[in-house]
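Please open the structure in your viewer and keep the selection tool at hand.

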Amino acid sequence: MKLSKKSLLLLIFGLLLSVVLVACASEPDEGDNSDSDGDGEGTSEEAAEGGELIIANQSDPVSMDPAGSNDTPSSNVQANVFETLVTLDGDMELQPLLATEWEQVEDNVWEFTLRDDVTFHDGSEFNAEVVKANIDRILDPDVASPRLFLYEMVEEVEVVDDYTVRFVTEYPFAPFPAHIAHNGGGMASLEVIEADYEAMEDGEDPGSYISQNPIGTGFFKFDSWDTGDQIRLVKNEDYWGEPAHLDSVVFKEVSEANTRVAELETGTSHIIDPLGPSNMAQVENSEGIHVAPQESVSVSYIGFNVEKEPFDDPDVRKAINMAIDKSQIIDGIYEGVGIPAVGPLAPAVYGYDENAPGLEYDLEEAKQLLADAGYEDGFSTTIWTNDTQERVDAATNVQAQLQELNIDVDVEVMEWGTYLERTAQGDHDMFVLGWSTVTGDADYGLYPLFHSDNIGDPGNRSFLQDEELDEMLEAARREGDEEARLQLYSDIQAELSELAPMLYLHHQEFLLGVSDDVEGLTQLPTGILQLHDVSLNQ
């Protein structure tokens, strides 16, 4: 059977679509998802066939292994190569993909019926054994997948028969099908998994073989990767469903925003991702190209490393929260379009509490809190960011505003891969980042970011370790009663206001620059481009 989001999520999501959100994010985020659903809107009845689509991205993927990364640039490419059992559509509704149906046969058992006509790009068969191998690999401590948190509740993957698989969980877990839809559940061939384990035995890093030899079931196949330059995918002629219209897709790294716009204007690239808000007018006023906006389930934030002084004191973290006038950032950097964030959950996310307390702008209270913490004369610190211009500008704005508290801030800008690696190690003081709640459920928007089990690469780059919060997060993901679960998430959002591990900036809108020659393109609220139905009119 198909399982839908609760009616509350549908209502909230519908309301969100009526609101103009902030044009921030086309920036690389964590917490990404990919969706291979081929129901793109705007596709012509007789789409043109062939051609090579060029996409200029700000950042190169970190990895082509679905179990080896948790960032949007990686998943945007992986989404075309690897497919999941189920998928999320543009309304954040679950739809069949490699599984035809699924049901909760017991409180802690989910059963999935698989397609029986799917083969991998290497010709091998997709079946229940392959599903088990993929999920078991993510659960393998030797692999140390940053996406372990998605499936850590799984106690056993049972192969019922060739095309039926059961997941036995430690406790009832309502959002499980949405977690299976996450890109971390992308299916790699059994042969490539075995080859990766062999490489590990020879001293290679987990995922190194799969990342260089990504073999999935998707409508595009991996062709080549010139690291730091471009990845090329080619059409899978033997795809089990309707083949893609394009012959090939190139994702190339173009880190500078103005250069990406120039590529779009000259026709060198067909899509640029992201399009910065400061470049919107330029694209809107140019012939042959246009802006494509998409509401999101994301949040942008500035995180504190709570293990380092003075950020180990909640009063310091609260003071910085209350010293920042977010309207300066939203109006000045994001062209006045945006929803200020009170907490980590966007309004479309199940579990969002519109009445959750926040830390409002109050400079005098901020000064008092800082004095109470023993830092009346301020201190010196750093803010790290990747090279997205809007994030650099946001960091610079915070740098200026914190001077009111005698806090001297240095802004450091890093390349995306290095940035993720070093913040996962805890080398930072403050940092600018984003998170997409790609399952549409509060568990994904809270558990990876704040539970102590997920410190570092999985998402908790604030290095927050709070026993009471851990217990609340665990209780919420185990709670089967909907009303009780929603109350727990309300309590968690209130507790996060007290702990203040982050300065939540805003909920954003993704922006693409697109050639008018591109037909059938959609982007999910998770930020992932949908390329199955894309065609080029040339």
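Select Pro310, which is situated in the loop between β13 (298-304) and α9 (314-323); helices (H or I, at least four residues) and strands (E, at least two) are DSSP runs, numbered from the N terminus. The peptide bond leading from Glu309 to Pro310 is cis, and its omega is near 0 degrees. This is a predicted model, in which local features need pLDDT of at least 70, side-chain atom pairs count only at pLDDT 80 or more, and totals for chains, interfaces and linings use all residues. Residues are numbered from 1 along each chain as its sequence is written, and side-chain values use heavy atoms, with hydrogens and water left out.

Next, select Pro274, in the loop between β11 (271-273) and α8 (280-284). A cis peptide bond joins Asp273 to Pro274, with omega about 10 degrees.

Proceed to Met92, in the loop between β2 (86-88) and β3 (94-96). Although Met92 is not a glycine, its phi is positive, about 60 degrees. Is Met92 buried or exposed? Met92 is buried, with a relative accessible area of 2% (buried means under 20% relative accessible area, exposed over 50%, partly exposed in between; 1.4 Å probe, protein chains only).

Now select Asn406, in the loop between α12 (389-401) and β16 (407-414). Asn406 also has a positive phi of about 60 degrees without being a glycine, and it is partly exposed, at 44% relative accessible area.

Finally, display helix α11 (residues 363-372), where Leu363, Ala366, Leu369 and Leu370 are buried. They lie on the same side of α11 because they cover an arc of only 120 degrees around the axis; the arc is that of the directions from the helix axis to the C-beta atoms. The face turned away from the buried side of α11 carries the exposed residues Glu364 and Asp372.
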